[in-house]
Amino acid sequence: MATTLHPDPRPSASRLPARPWLPVAVAGLTGAALGALACYSLLTPRWGVPHAVTGTVVAVNADANAFVVRPDGRQPSANKADDGGHGYQLGPVEWVDYAGQTHHEGTPVCLAPLSEGAKVELMVVDVRGGAGGPDALITRVRCLSAR
């Protein structure tokens, strides 16, 4: 019986990874995902930080709890159904009338039911809505015109 003192110089199959490219691929995909997340975070609005939206009221529903505002600088569309505006839900909110008087209840006069054409400034907080929830909350309405 002959025994050898020298190990086989070839690595055994159990020591080599089955797919030597797999760790490189996982690292590459992880880096790409982290890069995409960083870009998304930099290019999207800062969630939870109030910002002003100034524009013209395109439409208010009959209950005055939902309306559409076309932001300043955006041209109206020929299609009335898509007038370049953004829809908002309105709940109880502090509002300021055209004369500068602050109100803590009631419907803003510039967002009267079935009205349109008023100039408004909204303080909006972008939220990450889900399951059909709102994507923006209005914290204050300021009427910029008498309508």
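# A tour of the sheet and its links

Visitor: How many bridges join strand β4 to strand β7?

Guide: Strand β4 (residues 94–96) runs parallel to strand β7 (residues 136–143). Helices (H or I, at least four residues) and strands (E, at least two) are DSSP runs, numbered from the N terminus, and two strands count as paired if DSSP finds at least two bridges between them. One link here is V96, whose bridge partner in β7 is R142. The number of bridges joining β4 to β7 is 3.

Visitor: Before we go on, what kind of model is this?

Guide: Residues are numbered from 1 along each chain as its sequence is written, and side-chain values use heavy atoms, with hydrogens and water left out. Local features need pLDDT of at least 70, side-chain atom pairs count only at pLDDT 80 or more, totals for chains, interfaces and linings use all residues, and the model itself is predicted.

Visitor: Which strands stand at the edges of the sheet?

Guide: The sheet is open and has 7 strands with mixed pairing, in the order β3-β2-β1-β6-β7-β4-β5. Each edge strand has a single partner, so one of its sides is left without a neighbour in the sheet. The two at the edges are β3 and β5.

Visitor: And which residue in β7 is the bridge partner of V124?

Guide: Strands of a sheet pair through backbone hydrogen bonds, in either a parallel or an antiparallel way. Strand β6 (residues 119–126) is antiparallel to β7, with 7 bridges between them. For V124, the bridge partner in β7 is I138.

Visitor: On the β1 side, which residue in β2 is the bridge partner of V57?

Guide: β1 and strand β2 (residues 66–71) run antiparallel and are joined by 5 bridges. In β2, the residue that partners V57 is V69.

Visitor: Is T56 buried or exposed?

Guide: T56 belongs to strand β1 (residues 51–60). Leaving aside residues up to four places away in sequence, T56 is in contact (heavy atoms within 4.5 Å) with V68, V69, R70, D72, G117, A118 and K119. On the accessibility scale, under 20% relative accessible area is buried, over 50% is exposed, and in between is partly exposed (1.4 Å probe, protein chains only). T56 has 18%, so the word for this residue is buried.

Visitor: Which residue forms a salt bridge with R140?

Guide: In this pair the closest N and O atoms are 2.9 Å apart. R140 has a relative accessible area of 31% and is partly exposed. The partner of R140 is E94.

Visitor: And which residue does E121 meet in a salt bridge?

Guide: The closest N and O atoms of this pair are 3.1 Å apart. E121 is in strand β6 and the partner in strand β7, 21 residues away. E121 forms the salt bridge with R142.

Visitor: Why is the disulfide of C110 and C143 left-handed, and what is the torsion about its S-S bond?

Guide: A disulfide is a pair of cysteine sulfur atoms within 2.5 Å, and C110 and C143 are joined at an S to S distance of 2.1 Å. C110 sits in the loop between β5 (102–103) and β6, while C143 is in strand β7, 33 residues apart. Both C110 and C143 are buried. The disulfide is left-handed because the torsion about its S-S bond is about -65 degrees.

Visitor: Lastly, how much accessible area does the nonpolar patch have?

Guide: Patches are made of residues with over 30% relative accessible area and no salt bridge, where like charges are joined within 9 Å and nonpolar side chains (Val, Leu, Ile, Met, Phe, Trp, Tyr) within 5 Å. Accessible areas come from the Shrake-Rupley method with a 1.4 Å probe, and for residues only the protein chains shown count as cover. W21 lies in the segment before α1 (22–43) and is exposed at 52%. Together, W21, L22 and V26 in this surface patch have an accessible area of about 310 Å².

Key
A salt bridge is a side-chain nitrogen of Lys or Arg within 4 Å of a carboxyl oxygen of Asp or Glu.
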